[in-house]
Amino acid sequence: MIPPGATIGILGGGQLGRMMAIAARRLGYGIVGLDPQADGPLGQVVNRMIAADYGDLSAVRELASLSAVVTLEFENVPAESLSAIAEMVNVAPRPQVLATTRHRVREKSFLRDHGFPVTTFGAARNLGELRAVLDAVGYPAIIKTCEFGYDGKGQVRVDAPDEVASAWEKLGTNDAIVEAVVPFLSEASVICTRAADGRGSTFPVFENEHRHHILDITRMPARLDERLRRRARDMALAITDALGVVGTLAVELFVVPSASNGPSLLVNELAPRPHNSGHVTIDACRTDQFEQHIRAICGLPLGSTDPLHGGGAMANLLGDCWQQGEPDWAATLGSDPGLKLHLYGKASPAPGRKMGHLNLAGMDPETCAKTLIQARDRLCPKATP
Ligand code: AMP
């Protein structure tokens with residue numbers, strides 16, 4: 001057990017690192033962070049920040065030497081840096097988990113080989129392989145770079161054979177996954193936290209609505225029947241066990257129509273860290289995803305994930321809201337006294353950039369979502385028609 005008062009190292013200086021750090025500080029831990037940008041979202045709330053590239057081995061060793069455990073807010077940390085840290089101190093998630101989840105073909109193969117349902121897929125390293133895989137997978141398909149993709153970046157959809165060559169050129173990779181397009185009814189996610197002794201917990205299932213490939217609204221719980229929600233939580237826990245995660249694993253799911261017995265689930269993607277869809281838990285659950293993660297990696301008992309008021313919703317705030325000038329915070333907060341504003345302290349609000357989010361807890365997630373959308377419209381009336 002790593003007792004409160006010890007120092008936790010965080011690799012990556014964005015909003016996930018910041019919210020992990022805030023939860024950890026509430027529990028009495030100290031924080032040392034590492035990111036090339038020292039004054040970003042994490043840098044504003046740490047005890048100490050090391051400004052360095054993730055590949056700078058002497059800097060990551062310094063982080064490890066100051067930390068009782070190191071955790072990560074993103075997956076693309078160079079393998080040598082992870083090994084250097086792991087030689088000195090525990091890393092959560094373990095490097096083996098990251099090796100699987102950071103690469104789309106390895107991740108989907110792991111899921112398929114362990115019996116979890118995924119869409120039809122194949123690997124392509126050149127145009128010839130791509131054409132062969134597409135013959136097997138069929139059209140329409142989505143081609144994605146295996147590494148470094150997020151929020152729809154590094155993805156191209158192909159609907160017909162004559163689009164294949166230009167799609168490959170556009171992606172500009174020699175390591176891709178080809179996936180059959182899933183005709184999903186909705187998208188959901190489950191966030192699991194697994195303690196070192198193997199005990200696991202899940203939050204209620206989240207329903208996620210995307211806009212331009214970026215998460216826009218999360219409803220908790222998802223509007224699915226109890227059977228499917230149970231299945232989603234059981235499946236996510238089974239994946240967390242199979243990977244041997246200590247800490248957090250977010251499992252992104254597609255809800256798909258099936259001929260018999262109502263809708264079913266396919267796994268889309270895994271992220272071995274707290275996840276944007278879980279931000280609603282900060283104000284709507286007894287223990288939030290960030291605190292639960294910190295408890296798990298420090299060997300503290302996990303907390304209750306029960307909703308405080310039955311459910312809730314979250315709306316992301318993108319940099320687009322700032323394009324007409326400073327957002328009208330008073331109008332937004334004044335629209336509902338239960339509404340909670342979270343801003344990440346980012347200096348430049350570029351369009352599409354995640355700047356913060358709004359949360360609202362309540363019995364009916366749909367009513368919460370509607371209230372949040374109206375509140376967000378007041379914040380940036382011209383940017384969100
Ligand atoms: P990803 O980066 O894989 O999570 O993809 C981002 C978003 O693209 C997902 O949340 C879906 O909305 C969409 N998407 C990704 N893969 C597929 C697929 N195979 N079929 C349909 N939609 C997809």
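Which loop holds Glu 147? I looked it up first: Glu 147 sits in the loop between β7 (141-145) and β8 (155-158). I'm working from a predicted model, so I keep that in mind throughout.

**Glu 147**

Next I listed its contacts, skipping neighbours within four places in sequence, and got Arg 102 and His 103. I also noted a C-alpha distance: Glu 147 and Ala 176 are 29 residues apart along the chain, and their C-alpha atoms are separated by 8.3 Å.

**Domains**

The chain has domain 1 (7-92), domain 2 (120-180) and domain 3 (186-379). Glu 147 falls in the range given for domain 2. I took the centres of domain 1 and domain 2 over C-alpha atoms and found 34 Å between them.

**Helices α2 and α3**

Here I wanted the packing geometry. Helix α2 (residues 57-66) packs against helix α3 (residues 79-86) at an angle of about 35°, and their axes are 9 Å apart. The crossing is right-handed. On the α2 side I wrote down Leu 57, Val 60, Arg 61 and Ala 64; these meet Glu 80, Ser 81, Ala 84 and Ile 85 of α3. By class, that contact has 5 nonpolar, 1 polar and 2 charged residues.

**Nonpolar cores**

Which residues have the most contacts inside the largest nonpolar core? I got Ile 239, Val 251, Leu 253, Val 267 and Leu 270, in a core of 29 residues. At least two residues each come from α5 (104-113), β10 (186-194), α8 (226-243), β14 (247-256) and β15 (264-271). The largest share is from α8, with 6 residues. Why does this core lie between domain 2 and domain 3? Because both domain 2 (120-180) and domain 3 (186-379) give residues to it.

Not counting residues up to four places away in sequence, Leu 253 touches Ser 186, Glu 187, Ala 188, Ser 189, Val 190, Ala 232, Met 235, Leu 266, Val 267 and Asn 268. Another core, of 24 residues, lies apart from the 29-residue one. Its members include Leu 16, Met 19, Ile 297 and Tyr 344.

I went through the peptide bonds next. Ala 92 and Pro 93 are joined by a cis peptide bond, with omega about 5°. Pro 93 is in the loop between β5 (91-92) and α4 (95-101). The bond from Met 220 to Pro 221 is also cis, and there omega is near -5°. I placed Pro 221 in the loop between β13 (214-220) and α8.

What is phi at His 212? I read a positive value of about 50°, although His 212 is not a glycine. His 213 has a positive phi too, near 70°, and again the residue is other than glycine. I located His 212 in the loop between β12 (206-211) and β13, and His 213 is in the loop between β12 and β13 as well.

Are these two buried or exposed? His 212 is exposed, at a relative accessible area of 68%. His 213 is exposed too, at 53%. Exposed here means over 50%, so I count both histidines in that class.

Methods. Residues are numbered from 1 along each chain as its sequence is written. This is a predicted model: local features need pLDDT of at least 70, side-chain atom pairs count only at pLDDT 80 or more; totals for chains, interfaces and linings use all residues. Side-chain values use heavy atoms; hydrogens and water are left out. Domain bounds come from an automatic or database domain assignment. Axes are lines fitted to C-alpha atoms, for helices over the stretch in contact, and angles run from 0 to 180 degrees between N-to-C directions. Helices (H or I, at least four residues) and strands (E, at least two) are DSSP runs, numbered from the N terminus. A crossing is left-handed if the near helix is turned anticlockwise from the far one by less than a right angle, and right-handed if clockwise. Contact means heavy atoms within 4.5 Å. Ala, Val, Leu, Ile, Met, Phe, Trp, Tyr, Cys and Pro count as nonpolar, Asp, Glu, Lys and Arg as charged, and the others, Gly among them, as polar. A nonpolar core is a set of buried Ala, Val, Leu, Ile, Met, Phe, Trp, Tyr and Cys residues joined through side-chain atoms within 4.5 Å. Buried means under 20% relative accessible area, exposed over 50%, partly exposed in between (1.4 Å probe, protein chains only).
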